[in-house]
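Good morning, and thank you for joining. Please keep the sequence and the structure in view while I speak.

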Amino acid sequence: MPLRRVSRTLLGAVGLIALVVLAAACAPNATQDTLKPAGPYAEKIDNLFRPVFWIATAVFVVVEGLLLYLAVRYRHRKGRREIPPQVHGNQRLEIAWTIVPAILLVGVAIPTVSGIYALAARPSGQVLDVNVIGHQWWWEFDYPGLDVNTANVLHIPVGQPVYLSLCAAGAGYEEQPAPHGCLEEATNVGDSVIHSFWVPRLGGKQDVVPGRTNHLVLEADRPGTYTGQCAEFCGLSHADMRLKVIAQPRDEFDAWVLAQQADAPTPAGGSLAATGLEVFNGQCIACHAVQGNPQAVNIGGPNLTHLMSRDCFAGCIFDMTRANLASWLKDPSAVKGGVPGGASMPDYNLTDEEIRALVAYLMTLK
Amino acid sequence: MATVSVPAEGARGGLLRRPTATTGFWSWITTVDHKRIGILYGITAFAFFLIGGIEALFIRLQLAQPNGKILSASTYNEFFTMHGVTMIFLVVMPLSAAFFNYFIPLQIGARDVAFPRLNAFTYWAFLAGGLFIYSGFFLGGAPNGGWFGYAPLSTVEPGNNMLFYALGLLMTGIASTASAMNLAVTIINMRAPGMTMFRMPVFMWMALVVQLLLAFALPIITVGLFQMLFDRRFGTHFFDPAAGGDPVLWQHMFWLFGHPEVYILVLPAMGIVSEVLPVFARKPLFGYQFVVFSGIAIGFIGFGVWAHHMFAVGLGPVANTAFGISTMIIAVPTGVKIFNWMGTLWKGDIRFTTPMLFAVAFIGQFVVGGLSGVTHAVVPADYQQTDTYYIVAHFHYVLFGGAIFGLFSGVYYWWPKVFGRMLDERIGKLNFWLMVIGFNLTFGPMHILGLQGMPRRIQTYPPTLGLGVWNLVATIGAFIIATSVLIFLLNAIASFRRPRDAAADPWDARTLEWSVSSPPPAYNFEEIPVVHSLDELWHRKYAETEGGIVVPVPAGGAGTDPAHGPGSAGPEGHGAGGHAIHLPGPSYFPVVAALGLPLIGYGVIFHMWMAVAGAIVLLVGVYGWAIEPTSE
């Protein structure tokens, strides 16, 4: 009796979907869950999605239920020989099932449009500006006016809207180290590609497009760490272009800003870290800036002045540990992407000795 | 125009003699018979379906658990790109083309398509393009920038990978464009006497709409692909912002093609379902005109929704509002179709054969894809959903749960007509149930994964995101789908191990292709039928009393024998067995011309002299084609 199986399977499918929705609601550590907004902008989206989801669910139940009913009710019965009446249609029904969905959609469209405009505006009042620069494959965060430049871990104060200006940078950008160049001059972007900035619990995503400056507003209404990642395919290590947002109470955030503004110390002569600094100044300054180190001014790679204040590195895929730093410096592409070119940072064929010294120096960049 | 060609006056010999083989290898290489070309399209598309499926299985294995190590990042990127390129351009499009080729002449009562040699050329150009793209795997790297090939990633990344993409898709684009013209002309001009537009089967209507969509959408992607090619190979800067170009230009061009493409993929399946449901519900399609007009409306509005793929690009609130609303509007005609299919089932006498099961599942699953589509039209919600697995779930419900299920319905429905053999119903049902379960298990959980924050196109994810469980479920589902496809393959093979057993009209169907033998003779119709109504064949078999009771027309009575009854026009056929019906002669030149295309492609990538050689081959093909004698 295939019919009974049809109905059983379809019922099973409906049950499965219900189960799935339930399970989604209580998934454990889903740190990027769009259904758990942690700020007013993500919430605005969630408040739009939820009613539409339930309308869609209602339509789903009605339509699938009807389909199931028709399939069971009008299945062929053994022995039936007469041919059903040849009904060709019904104008009234046609009009009804054109108009009813249209009305439902008008109901959906109105809040949609107001939502689009609400999210597009720069918020009024006290707003923190942050420039986000997407690189292959890491995030640069620049706080204009605060003289803070960091990577992969974005600090924001709780309860204040953060107005992000997003742009992309690539290889050509390294050669012209104008600070935040691509924001002021849209053509200075080098061989950059498109990324998309996304921290699901704080807001929707916004593409980071070479040659354009896009904007996105985030806000966290409670302290916490929120993960995000690049959501537009950007090449080999797209999956390894992650980030963290740390939302802090105002005073903690201010303290963090103050600490970030300080110069890095110079290690005491004769220490392992001092040897590390020599290695650093020999190789790493080609791309990495360290405030307080007059030789390290290039900004193609992440600014390392306060590297140790971040708890992850390399597109936020490694915890900031001595061992991770050492294996990264040994051969970056071996641990990121697993293929040559997986990391933009080249392999400098450093000896174990050099790596040990270099890590010791990096550990001083608090 | 060569349905019935005049015999050549003193056929010329020599180099330009037309091939004569009617069986064996060369007869297939040189064939211009729309039915054989349809079979070639179908088999090739199915082979690519298996390859694209294997790529999908690797993708699912890699993602089954966090920190997967099955594929390297570079191989993963090639596999997901090729999975998309394959399934869209090398599976669903040509599989639809297979049905179009085979059934357009048979359903409109013609003996072939308008331009039979052009038809052969489109198949060989499609095959050349498909093999060309895949040859990248052996020549330094297959396409790896996504099926959507976003610039500037596609233009600045090192390697020839995306050149194989641009050039290969240009070749399949040539095939599709030529085919679109050919088939549109066929439907418009070659309908049998009496077959007005509104007596055409809905599948013919959807075929016509698809050809028009192709004709208008393909030129856009063609221009885009040339721009990509020139940016990569010849130093132009269409998409390079540093030189005043704009990467977003590619996105507009791609999606202005890409969204009509979605309907190019799904309308054929909608047409098939509109044929299958009436046959097995034993009722005419409910609201024929509404189904036709909603199909036309979908095709038309389909050109006005492209930027809903770009809500997060930063086009501004005005554009996002406009495209959000147009996307909602397109849901209306889609809903009309769904309700009319359900109206067809209403008060029917539904026989749940395998094709019917696939058709009903198509409706159920397409509804899910449509509803999730409406949630994307809620633009702010799409800021969360776009580029996540929620989208992956959505379009697989449309393109797999919809298009592929519809095409499988068509395969089971028309298999007896094409091969003269029934597919086993018990194996078919097993195939169906495994595919339904596997499909929903694979793609249902992806809705959740997307909402939980899993982006698309990532080759790995950390365990901390809590995505492992549903990914594992999806992977299990994928292997159930693979099992169901293998079962289909067994069913197909088994059918050839049996003698031919299919009657001309095994399903008690309603349209003209079932009025001729299974498989049909080379000339399709001994005499061109004269059409008196929609569902012509049904009306030859059944009559309605005044009270609406349907009674069979007594056997042997007037009009029962479609080939010889009064419904046949005299002048074109000449006696029994079709001996005097002249069919277009086979030709070497379509395949020669198509062979020039990949040579030109390799030339652009490697050495220009190869391109010159390819151009010569192409010209030889085209000129030979033009001057060969009409027939032997």
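I begin with two helices of chain B: α7 (residues 202-233) and α8 (residues 247-281) pack at an angle of about 165 degrees, with their axes 8 Å apart. α7(B) is therefore roughly antiparallel to α8(B), a label for angles over 145 degrees. Axes here are lines fitted to C-alpha atoms, for helices over the stretch in contact, and angles run from 0 to 180 degrees between N-to-C directions. Helices are DSSP runs of H or I with at least four residues, strands runs of E with at least two, numbered from the N terminus.

This is a predicted model, in which local features need pLDDT of at least 70, side-chain atom pairs count only at pLDDT 80 or more, and totals for chains, interfaces and linings use all residues. Residues are numbered from 1 along each chain as its sequence is written, while chains are lettered from A and ligands numbered from 1 in the order in which they are written.

Now the interface. In all, 94 residues of chain A are in contact with 87 residues of chain B, contact meaning C-beta atoms, placed from the backbone, within 7 Å. On the chain A side, α3(A) provides the largest share, 16 residues.

Lastly, chain A holds an open sheet of five strands with mixed pairing, in the order β3-β2-β1-β5-β8; strands pair if DSSP finds at least two bridges between them. β3 (148-151) and β8 (214-218) of chain A have a single partner strand each, so one side of each lacks a neighbour in the sheet. Within it, β1 (residues 128-135) and β2 (residues 138-143) of chain A pair in the antiparallel sense over five bridges, and Asn131(A) stands opposite Asp142(A) in β2(A).

Terms used. Parallel < 35°, antiparallel > 145°, perpendicular 65-115°, else oblique. Contact = placed C-beta atoms within 7 Å.
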